[in-house]
Amino acid sequence: QNWDDHDRSGRYTARDLAWNHLAGLDPQALLVTHGDNDTFPLWYAQEVEGVRTDVRIVNSSLLGTDWYIDQMKHRFYESDPLPLSIPRKQYLYGTNDFTPVVDVVDHPIPAAEAISIFKNESIKRNGDDFLPGHQLTVPVNKENALRCGIVKEEMREKMVDNIVLSISGNNLTKFDLIILDLLANYDWSRPIYFVQRNETKLGLEPWLQYDGIVYKLVPFLNDHTDREATLDADALYDRIMNTYRFDSLADTTVHWDYQNVFTFSAVVPLRDLFSTTATALIERGEYDKAEQVLDKCVASMPTQNFPYNVSLFHSLNEWSLLNIVEAYFRIGRPEKAVAVGNQLGVETIRAMVFYSTPVGPGEDDVIDRRLADDAATLLYYLVHTYTNYGREEDATYLEDILRAS
């Protein structure tokens, strides 16, 4: 009875997602993952299929345990150990699970100095180990960063001498403490990536470069409201067209469940990867490459598997599609823009009507007023985009469907 709801046969998205995470990383990379679902497929890829065994997976959920920290100090396959300095007795089970952060100085101090004070047995605060400041600095070895590919030559002038960390809150978890120890001993000779931009409490966000499905630690500031300004468009184009695996996403013969739609539309919003890369290429005047990326997106994620409107998940998916529509217009491909836009519009109207369905006597007694308003806003921007690029007839087409609904 329930087999068709749970059939996973022929579906290889977890394996391919792991491949995409690993295959796009620079040699000897450290990849900080969040929990179970984004870690286990990576371990499978490395341990069973031998994919990128030079990459060290650093699981943030486990880095609060002494046995896992011990593992990080050893070489695995081709992956070098992490340069950690905190002695084992200071991270044993039940020790320094939450380390106080106290501003004993009024200016930023080197992270290495803060860790040195933390390790010093003769320096305590109320009998506890502590970190002596919220503002810490990590020196940048610029030549190492360039040599190992963390920074491209054209970004040389953007590099700073020190990255500045701003710790949030008045304590650090053991995971944050170990990452800080890693940074205190970091010489920029191997790249560090994070699956989530806000994984730590160390204030790393301004120093994390958008790199597709991961974020890369770089020694220059990044504005995440303008990701195209600093991302490596050449690298992302090459990965999308030649390295990443999307074939399993396009397979319409297998069962697609809620979890897969949620994962690839919201948790790892792949359409955002395509639209952001295409926009960056357009800004550089590389319209042919941008079109290839956009076409790859449409082909890789058909609406039978991944609807254009999945607004229930509160993700970047719908806005990425809006950006794809505009990107097609910008490169002079209005037919492709309208093909995507009309599908997005019809699905958005359907969502708006559904969420506006009355469930009570009051004006706001509907299934979900906020989601209905979100759908209306999205539709407004879509119609505005059509009008802005001289497609009034197509805008009227969507408005007619809305009135008929």
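This note goes through a predicted model point by point.

1. **Ground rules.** Residues are numbered from 1 along each chain as its sequence is written. Because the model is predicted, local features need pLDDT of at least 70, side-chain atom pairs count only at pLDDT 80 or more, and totals for chains, interfaces and linings use all residues; side-chain values use heavy atoms, with hydrogens and water left out.

2. **Helix α3.** Start with α3, residues 40-47. Helices (H or I, at least four residues) and strands (E, at least two) are DSSP runs, numbered from the N terminus. L42, A45 and Q46 are the buried residues of α3. Buried means under 20% relative accessible area, exposed over 50%, and partly exposed in between (1.4 Å probe, protein chains only). Their cover includes α2 (13-23), β1 (30-33) and β2 (56-59).

3. **The sheet.** Five strands form an open sheet with mixed pairing, in the order β2-β1-β8-β10-β9. Two strands pair if DSSP finds at least two bridges between them. β2 and β9 (208-210) stand at the edges with a single partner strand each, so one side of each has no neighbour in the sheet. β9 and β10 (215-217) pair in the antiparallel sense over three bridges. There, Q209 stands opposite K216 in β10.

4. **K216 again.** K216 also forms a salt bridge with D26, with the closest N and O atoms 2.7 Å apart. A salt bridge is a side-chain nitrogen of Lys or Arg within 4 Å of a carboxyl oxygen of Asp or Glu. K216 lies in β10 and D26 in the loop between α2 and β1, so the pair ties together parts 190 residues apart in sequence. Both K216 and D26 are buried.

5. **Other salt bridges.** The whole structure holds 26 salt bridges. One of them joins K152 and D232, at 2.6 Å between the closest N and O atoms. K152 sits in the loop between α6 (142-147) and β6 (162-166), and D232 in the loop between β10 and α8 (233-243), 80 residues apart. K152 is partly exposed at 37% relative accessibility, whereas D232 is buried at 15%. R15 and D16 also meet, at 3.0 Å, N to O. R15 is partly exposed at 29%, but D16 is buried at 5%. Shared partners join D234, R284, E286 and K289 into one network.

6. **Positive phi.** Two residues deserve a look. R52 is not a glycine, yet its phi is positive, about 45°. R52 lies in the loop between α3 and β2. W188, also not a glycine, has a phi near 65°. W188 is in the loop between α7 (174-184) and β8 (192-194). W188 is buried, with a relative accessible area of 0%.

Conventions: Contact = heavy atoms within 4.5 Å.
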